[in-house]
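We will step through some charged side chains together.

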Amino acid sequence: MLKAHDRVVVGVSGGADSVCLFLLLSEYAKRVPLSLAAVHVNHGIRREAGEDARFVEELCREKGVPFFLEERNVREFALRHGYSEEDAGRRVRYDAFFRTAERLGGARIAVAHNSNDNAETMLFHLFRGSGLRGLGGIAPVRGDIIRPILCLERQEVEAYLRSVSAGWCLDLTNQGDDYRRNRIRHHILPYAEEAVTAGAVGHMGRTAELLRETEDYLEMQTGEALKKCAESVPALPEGVPALTEGSTVRIDVALFRRNHTILQKRMLLKLLNGLSPTGKDIGAVHVSDTLELFEREGNRRICLPFGIGARRQYDSVFLERAGEGQAPESGSARGKPPDAAEAGRCERPITVSLGEEIFRTPAVYDLGDWGKIECMGFFLKKGQEVPIKQYTKWFDYDKIKECVVIRSRCQGDYFTITDKAGNKIRKTVKDYMITEKIPRQIRDRIPLVAAGSHVLWLTGWRISEAFKVDGDTERVLQVRVSERKSAGMKETEEKDGGEH
């Protein structure tokens, strides 16, 4: 992590972990010369935050370490940019660390995550449905960020501080269960240690290390496999597939299928993410849909978010993203049901911006005859009731893990619904339209809001149970349809009703 004469910016909140890190680095600097500087960020949330800053400043004075104080209104920052307070605080802290490192002419950034933090992160990612990278938890080194006490458990940290008669500050926001991560910290991990197996945190840390090594190896193998079966059209001199707007990548089906399924999925994820303008927002459902093109013969095509198209043509599969103003090669399905000869066709999707901007200014999308769709985000207030309106719907913003698009229906689209026994099951949009007796001639003229093949809302009809606002909802995505002219829409004026 460090070598002699390195400059190190240490994030010191005043809590036990950061004080432990600061003291250990101070001792280490006596043996290996280091240039230390401490950064403390006052979030402006707690009344006692000023006392924490003074505590850290005095600690730095005792050790002869430069002290930098950053004061920010995190609550205001969170509201302005649409973050949770927890996420906003993290962004503000790292921004302060990096700016101080740059001010010092370049430095490593030392932060005080420990083994318990790592275990919490692993469980948090597991519960949210993460892949290997997320299950690998927190990396000891990531770029210029180092975590020297990641190997220590919280009880070891406090034992060390007591052994050197060092005090620390108590952050009361970490004592409650307002944050989801705190619930894992206060309830799940202690229960695992007491009722499942002693040393659970340490065992999880070793598992995380193994998973990170596995991820690194698979990433290397994925790159090697891509070189053998994928190429740009036209081919580039360096042989690396182009992953930009307007580019096309050809994959040899036979060479692709020689690889294990895990490498096949990773190759597709890497390529699709490369074609995505955000470099992410491609989910397992998109990879699965694309993988089907390799498994069944016949010239077929599918449409994906961001105008990305995938098509099977004889012994090759082509991935492409239409350039600005171009229609994707997959064509349009307006006026033709998706179960017709060329299944999977749909209108070019309009990508909904779910970034911080919609918490400040609503995003409005003009769909022509479909009318206009307005998307806005806000924080849910206690006691707010979900509106029961046909053309205004609320969704739990944090349950949406993939990019959201507005489009006509595609083959494979589905809702999550609750059956009579109270179980959540999938129901295809096609089956729903048949059950509801929606006329065939207007089915392709009804706009829907979707994340991959999972439909959040068939506008004017129903929404998916998977994205509903509930007691744990903190942030809301509101979608409202107005100025409807298409025959696919039920009526012109908003009114109460509709499935919600």
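The tour below goes from salt bridges to a surface patch.

**Before you click**

This is a predicted model: local features need pLDDT of at least 70, side-chain atom pairs count only at pLDDT 80 or more, and totals for chains, interfaces and linings use all residues. Residues are numbered from 1 along each chain as its sequence is written, and side-chain values use heavy atoms, with hydrogens and water left out.

**Stop 1**

The structure holds 31 salt bridges, each being a side-chain nitrogen of Lys or Arg within 4 Å of a carboxyl oxygen of Asp or Glu. Select Arg61 and Glu57 to see one of them, with the closest N and O atoms 3.8 Å apart. Both residues sit in helix α2 (residues 49-63), four residues apart, about one turn of the helix. Helices (H or I, at least four residues) and strands (E, at least two) are DSSP runs, numbered from the N terminus.

How accessible is Arg61? Arg61 counts as exposed, at 53% relative accessibility, while Glu57 is partly exposed at 33%. Here buried means under 20% relative accessible area, exposed over 50%, and partly exposed in between (1.4 Å probe, protein chains only). The areas come from the Shrake-Rupley method.

**Stop 2: a buried pair**

Now select Arg475 and Asp398, whose side chains meet in a salt bridge (2.6 Å, N to O). Arg475 lies in strand β21 (residues 475-482) and Asp398 in the loop between β15 (392-396) and β16 (404-407), so the pair ties together parts that are 77 residues apart in sequence. Are these two buried or exposed? Both Arg475 and Asp398 are buried.

**Stop 3: Asp470 and Lys399**

Next, pick Asp470 and Lys399, a salt bridge with its closest N and O atoms 2.6 Å apart. Asp470 is in the loop between β20 (454-458) and β21, and Lys399 in the loop between β15 and β16, so this pair links parts 71 residues apart in sequence. Asp470 is partly exposed at 34% relative accessible area, and Lys399 is partly exposed at 27%.

Then select Arg133, Glu215, Glu219, Arg266 and Lys270, which salt bridges with shared partners join into one network.

**Stop 4: a positive patch**

Finally, show the surface and select Arg128, Arg180, Arg183 and Lys401, which form a positive surface patch. Patches are made of residues with over 30% relative accessible area and no salt bridge, with like charges joined within 9 Å and nonpolar side chains (Val, Leu, Ile, Met, Phe, Trp, Tyr) within 5 Å. Arg180 belongs to helix α8 (residues 180-196).

Technical notes:
Areas by Shrake-Rupley, 256 points an atom, 1.4 Å probe, with all protein chains shown as cover. Lys, Arg positive; Asp, Glu negative; His and termini not counted. Charge placed at Lys NZ, Arg CZ, Asp CG, Glu CD.
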